[in-house]
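I opened this notebook to record what I looked up, entry by entry.

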Amino acid sequence: MLKFLKRLFETPKGDYGSLMDSRDPEVELFQSTINTIVEALRPIQLPAIHIERSNVDNDKFPLLLKGNTWPTNKKDKPLSYQGTLTTKDFKVVIFQHEDGIQKDSTNLQYFYFKKDQWNKLEELSPLDQHLIADKRYEQSDIVSLPIWEEIIHRHPEIHKLIVKLAPSHPWTLYKRAKKVLCEKEIKQQVYGYPQWMVNDIDFRKIKELQFLFQIEDVNNTVVHYYFTDGKEIQQFIQRQ
């Protein structure tokens, strides 16, 4: 009876969106509960950069170290320039071939340059202008939160609060609160928290690593995640 009365008198209206999530219509969560988790998540947000393919006028040619030649795969087919990811700390110049990495891992190649190398870069022109992708990477600032499975490892106190407030549906509560702060579904980004497609990661192995960026292959079948330990870059791959 008490549960019924609480549902009857508590309003679903609030600052953070609707009571019901269209993907989970059978689960009811009070807006006050969602709001509580939203406020708990705000302090752990990280700045990030969203990457999406767009018709861009700048970044027409890649910048590589002097002496570099145009990248090719193991069959000596030239790769297409997809764009450059630029932060205050590094640049990543990315090339891909339309055949994808399932046929040849060298169909995706990237060139990572720290800031102290930027003055050594020079523009490289392709022999064929078709090797410059029509849609290249465009960046926009966003905020980032981890996937649900990573919350327990990074922020156990928030995980406990979510489970306490929604013991039967903690994942749904987190998803709805996260959506308030992170409106877009992210598959490509720089910095922030990695947005894993599949929960098959041993988070203990990446705990001491710095997340750099994640990108899709040109066929949208694989996501590549790049981390660094300060010396070397480590790569993880997940198929969608």
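**Entry 1: a histidine in a strand**

I began with His-224, which lies in strand β10, residues 222-228; helices (H or I, at least four residues) and strands (E, at least two) are DSSP runs, numbered from the N terminus. I noted that this is a predicted model, in which local features need pLDDT of at least 70 and side-chain atom pairs count only at pLDDT 80 or more, while totals for chains, interfaces and linings use all residues. Residues are numbered from 1 along each chain as its sequence is written, and side-chain values use heavy atoms, with hydrogens and water left out.

Is His-224 buried or exposed? I found a relative accessible area of 2%, so His-224 is buried; the word means under 20% relative accessible area, exposed means over 50%, and partly exposed is in between (1.4 Å probe, protein chains only). The side chain of His-224 makes a polar contact with that of Gln-235 at 2.9 Å, where such a contact is a pair of N or O atoms within 3.5 Å, and within protein one must be able to donate a hydrogen and the other to accept it, with residues adjacent in sequence counting only if both atoms are side-chain atoms. Leaving out residues up to four places away in sequence, I listed what His-224 touches, including Ile-101, Leu-108, Phe-213 and Phe-236; contact means heavy atoms within 4.5 Å.

**Entry 2: helix α4**

Next I looked at α4, residues 156-165, where Ile-158, His-159 and Ile-162 are buried. Seen down the axis of α4, its buried residues fall within an arc of 105°, so they line one face of the helix; the arc is that of the directions from the helix axis to the C-beta atoms. Lys-160 and Lys-164, on the other side of α4, are exposed. The buried residues pack against α2 (31-41), α3 (148-154) and α5 (170-181).

**Entry 3: the cores**

I then turned to the largest nonpolar core, which has 19 residues; a nonpolar core is a set of buried Ala, Val, Leu, Ile, Met, Phe, Trp, Tyr and Cys residues joined through side-chain atoms within 4.5 Å. Among the members that touch the most others are Leu-41, Ile-44 and Ile-162. Each of α2, α3, α4 and α5 supplies at least two residues of this core. Apart from it I found another core, of 16 residues, among them Ile-94, Tyr-137, Phe-213 and Val-222.
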